[in-house]
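Work through these exercises with the model open in your viewer. Each task is followed by its solution.

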Amino acid sequence: MKVVRGSKRLLASLFCAFLVLTCMVASVLAAPGTSDSETLTIGVPVDRCPVFYLDAETDEITGIGADLMRTAAAKAGYNVAFRVIKEKTLKDALDNKDYDVVMPFGSAVAAASGHPSIVSDNLLQTPFTLVTVGSHETPPLNKLRVGMLHSLGGAAETVRQLYPGIKIALYETMPDCVRALRAGKVDALLHNSYVWYYVLQKPSYSNLTVHPMAMFSMDFRAGTLDTPKGREIIGRLNGGIASLTDTRRQAVILDHTSRRLYRYDFFDYLYQYGVIILLAFLLIASLIVIAVMKYRAQEEKMRKLVDYDSLTGVYSLNGFRKRVEELMRANPDTPYLLSYGNIKNFKYINDRMGKKAGDKLLRFWLKKTQDALSDKEAVCRIGADHMAVLHIAGGEESLRMHNQDVVNHVRSYFTDRGKDYKVQVCGGIYVLTPEDYRQIDVDHMLDYARVTEKRVRETRNDGWEFYNPEQWEKGKRAADVINNLPAAIQSDNLKIWYQPQVDFKTGKVTGAEALCRWAHTTLGYLQPAEFISILEQTGLIYDMDCYVWDKVCQDLCRWNEQGCRQSVSVNLSRCDIREDRDLPKHFHNLIQKYGLTPDQLRIEITETAYVDNPEVLISTTKQLQELGFQVEMDDFGSGYSSLNMLKQVPVDRIKLDMRFLTEEGDPEKGRIILSSVIQMVRLLGMNLIAEGVETLEQARFLQNLGCTEMQGYYFYKPMSVQSFEKLFENESLRVDEPQDGKK
Ligand code: C2E
Ligand code: MG
Ligand code: MG
């Protein structure tokens, strides 16, 4: 029995435990605020800081209204999700099914669709206050014109009911409201105090005054369409709102009003610090103006330094270039001439009279010149004692006047001051051509005048001359030749041509003379006459001759290898022969290098060279002969050689130039001279070759006199190496049977 009773008791207690457990699960499932509680979507405006606004850091909706609602909703078992209402008014938002509730409402209003709404209990009593410009009195409330935000349409309706006769104008934004207030369109603005607290922090609203007395206070409720679901939500929310304590409300208000919520925008800063910004701007602007002015002054100073000569105050070359260009452009019909002047032996003046006196003379000269010029003319000092002037061309008379007024005073500068020294002034004058006006190149024109001045300086002691274009062209060509020779040698543009020498009796080619030709890149094919003398003047001839001799030896070497042994005469310039140059050794090394015998290289030295420098030439000739070379006296009859010289000069062969002996004067007398010279040379025991033979008659005449070796156009003109090599192919070449290359 005891066991049965015990089992009954166990069953009863198990049943009780099951019941308790079931109740607990049910209560947990039914409990509000648990993890699976419903989410309430609440649409709110966010332009009402601090009631509703977006947190600057998290970008989430927050504010007094949001926090209070979140607390009340939580108590009612809801999670809340705030969403920014996009609709223009709260009435419109009521119709949007995306929101479960919308807030804030003062009281229930019909939705825009006309559907009635219901509102929750009041969350917070919000005081509405008036704001005016300054603190002046406002009209009685029933005559007041009030500005409000459009979004507060509901509140506006309440106000109209409370204060019949009040006129309310609605504006889209707060700045619009303030503008209307300032413009006197409304007497005051109406909004809740919390929003004023925020808005009036804007610096430009500092003259707006809140009227301390609250005009009225407004409820702060959530609303939704009057539907069963709406009623259920509102019912539940009211439960949560009822549990909100005043302490909680104060805490939330304090939290959002004590935050430094107001953020300055650009215009706030401008308003706040406008004067400072303006002053700073003015300061910076004046600093910039001062800097620019200083820079300009500096630039002007620099320009003066560059464009003017510090010693004399006239233009420098740089300034002169600009001024001349300017004048020529401004006066295209004025005939100008450009002169380049120079004081001869200025260094001597400086040394003898002192640098100061030299400077004074320069200042005097340039001042005198400048004083004599019109404002359409210009003068410059190019440096040291060189000056240039752009004159208006006024013919002989004007030049004479310039000479008299300026140059003569310069000449007598020292003698006028009791010193025994006459200054010499040299100058070149270039007359500008129409081409110069078309393409203004001051440096180029100055070059013309300068080269003329140089000529005067080198040939005379004093005076002025006009530029002559031929001389200029020659100088330019010379410069071109000089600059291009190394490149010509490098690029094989210097060619060796051969002019065969023949035995008139047998008609056989006995040798050839090597003559150079320059295939110039820009000037075309140049004959020796065009560049030899330039190269002699500049000392470059030796380089060229060494190149020619080497090339000739290369050809001789190749012909030797081909079994067509030849002898070639090479030309030697008088400038090649110098005491410090061992020419015999040079030639010796050359034939060694190419495996030639000395009789293959005949060396032609022009007759006049022997007259110019007999000692060195005679010894060089002797040494060359000792080494086995044949030396020939070229162009015999071209100079003024004394016959006596022939006695001393140990040459092997005389090269008679027909052109010198027959071209001018009485041809009969020429023939007599020629026959006498030939006889004399034969009697002296020297070999003979005639060059410049142009006719059969000349050839026969020479043969009758016993001179059978000849060179001349009658036989062959100088020819390229390829043409010359073709001649080898015909060993039995006859003079009276003209071949390739024959004239
Ligand atoms: P040159 O040594 O008296 O050479 C003879 C010149 O007379 C050559 O002129 C030749 O073409 C020309 N000639 C030959 N036969 C006749 C003829 O029947 N009638 C006429 N009117 N002329 C004839 P090219 O080649 O113009 O040379 C001129 C001068 O230049 C040469 O006179 C020589 O003194 C010099 N020369 C030429 N090549 C060189 C060289 O490589 N080095 C040096 N230092 N001088 C050279
Ligand atoms: Mg020659
Ligand atoms: Mg000659």
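**Exercise 1.** How far is an oxygen atom of ligand 1 from an N or O atom in the side chain of D635?

Solution. The model is predicted, so treat each distance as a computed value.
- Step 1: take the side chain of D635; one of its N or O atoms lies 2.9 Å from an oxygen atom of ligand 1.
- Step 2: turn to D634, where a side-chain N or O atom is 2.9 Å from a ligand 1 oxygen.
- Step 3: check N571; its side chain also places an N or O atom 2.9 Å from an oxygen of ligand 1.
- Step 4: a polar contact requires N or O atoms within 3.5 Å. The pair at D635, at 2.9 Å, meets that cut-off.

**Exercise 2.** Determine how much of ligand 1 the protein covers, and where ligand 1 sits.

Solution. 
- Step 1: on its own, ligand 1 has 790 Å² of accessible area, and the protein covers 84% of that.

**Exercise 3.** Which two domains have C-alpha centres 50 Å apart?

Solution. 
- Step 1: list the domain bounds, including domain 4 (308–467) and domain 5 (491–729).
- Step 2: the C-alpha centres of domain 4 and domain 5 are separated by 50 Å.

Note on methods
Residues are numbered from 1 along each chain as its sequence is written. Chains are lettered from A and ligands numbered from 1 in the order in which they are written. This is a predicted model: local features need pLDDT of at least 70, side-chain atom pairs count only at pLDDT 80 or more; totals for chains, interfaces and linings use all residues. Side-chain values use heavy atoms; hydrogens and water are left out. A polar contact is a pair of N or O atoms within 3.5 Å; within protein, one must be able to donate a hydrogen and the other to accept it, and residues adjacent in sequence count only if both atoms are side-chain atoms. Accessible areas come from the Shrake-Rupley method with a 1.4 Å probe; for residues, only the protein chains shown count as cover. Domain bounds come from an automatic or database domain assignment.
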